[in-house]
Amino acid sequence: MEVFQAIKERRSIRKFKGDPVPDSLIKKIIEAGMLAPSAGNLQRRKFYVLSGEAKKDFKVPTVGRFQLGDEFVLIVVCADTRPVEKYGKLADMYVKMECAASVQNMMLAAHACGLGTCWVGSFDVEGARRLLKLPEHLTPVTIIPLGYADEKPNMPPRKTMGEACEFLKILPL
Ligand SMILES: Cc1cc2nc3c(=O)[nH]c(=O)nc-3n(C[C@H](O)[C@H](O)[C@H](O)COP(=O)(O)O)c2cc1C
C-alpha cells in the first residue's frame, strides 16, 4: 500500500473481531516500530507483545473511549527513561518522541496489512508496570490493541490547512 494512502485511511479502531492474527504479520508490525527514528539512534524503547493468556491477565483500567476487549494482541510500548548525559533535560522528551514515532509506524504498518489499531494513552501506567513486572527504568507510555477491525469509523474532522499551518515566505532584504 502506498504510504500516503495508509496515512489517509488509517482510523482508530475500538471494536475488534477477535480473529487470530498470524505471527508473521505481528512481527512485520513490530519491525516497523523498530525501524522508527530515534535520537542518536539509541532506540530507548521496548515493546511488550501480549497475546493469549498474557493478554487475558493484563487487566489494566483504561479511561478513554477504548476498553480492552476482542483485540487479538496488545503491544505495550515502553520508554527507557534512564538518563542520557549528552541530551540532559531533553532526554525525557526525546524518548517519548521515539516511542511516538514507533507507535505511528506500527499503526500505519498494521493498516497496510489490513489490521486495525488504536493509540491508547489513557491507562493505569503503574498498574501496567506492575502486571508486566517492568524494571524501574521502563515506563509504559502507549498501549496498541491490534486485530481485525469490527467497525469502519469515518475520519474525525481535522483542522483546515489554514488553521494548522503558517506558510512563511522569506522576506527580501
Ligand atoms: C497521545 C494519544 C493518546 C490517545 N489516547 C487514546 C485513548 O486513551 N483512548 C482512545 O480511545 N483513543 C486514544 N487516542 C486516539 C485518538 O482519540 C484519535 O487518534 C483521534 O480521535 C483521531 O482519530 P483517528 O485516529 O481515527 O484519526 C489517542 C491518540 C493519541 C495521539
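User: In this predicted model, at what angle do helix α2 and helix α4 pack, and how far apart are their axes?

Analyst: The angle is about 145°, and the axes lie 7 Å apart. Helix α2 covers residues 23-34 and helix α4 covers residues 90-112.

User: Is the crossing of α2 and α4 left-handed or right-handed?

Analyst: The crossing is right-handed.

User: Which residues make the contact?

Analyst: From α2 come Ile29, Ile30, Ala32 and Gly33. From α4 come Ser102, Asn105, Met106, Ala109 and Ala110. Contact here requires heavy atoms within 4.5 Å.

User: How do the residues of that contact divide by class?

Analyst: There are 6 nonpolar, 3 polar and no charged residues. Gly counts as polar, so Gly33 of α2 falls in that class.

User: What about Arg10 and Ser122?

Analyst: A polar side-chain atom of Arg10 sits 2.9 Å from a ligand oxygen atom. For Ser122, a backbone N or O atom is 2.9 Å from an oxygen atom of the ligand. Both distances fall within 3.5 Å, so both count.

User: How much of the ligand does the protein cover?

Analyst: The protein covers 68% of the 630 Å² of accessible area that the ligand has on its own.

User: How many residues surround the ligand, and which are the closest?

Analyst: The count is 13, and the closest are Arg11, Ser12, Arg14, Trp119 and Arg158. By class, the shell holds 5 nonpolar, 3 polar and 5 charged residues.

User: How many helices and strands does the protein chain have?

Analyst: The chain has 6 helices and 4 strands. From the N terminus, the order is α-α-β-α-β-α-β-α-β-α.

Notes:
Residues are numbered from 1 along each chain as its sequence is written. This is a predicted model: local features need pLDDT of at least 70, side-chain atom pairs count only at pLDDT 80 or more; totals for chains, interfaces and linings use all residues. Side-chain values use heavy atoms; hydrogens and water are left out. A residue is near a molecule or strand if one of its heavy atoms lies within 4 Å of it. A polar contact is a pair of N or O atoms within 3.5 Å; within protein, one must be able to donate a hydrogen and the other to accept it, and residues adjacent in sequence count only if both atoms are side-chain atoms. Accessible areas come from the Shrake-Rupley method with a 1.4 Å probe; for residues, only the protein chains shown count as cover. Axes are lines fitted to C-alpha atoms, for helices over the stretch in contact, and angles run from 0 to 180 degrees between N-to-C directions. Helices (H or I, at least four residues) and strands (E, at least two) are DSSP runs, numbered from the N terminus. A crossing is left-handed if the near helix is turned anticlockwise from the far one by less than a right angle, and right-handed if clockwise.
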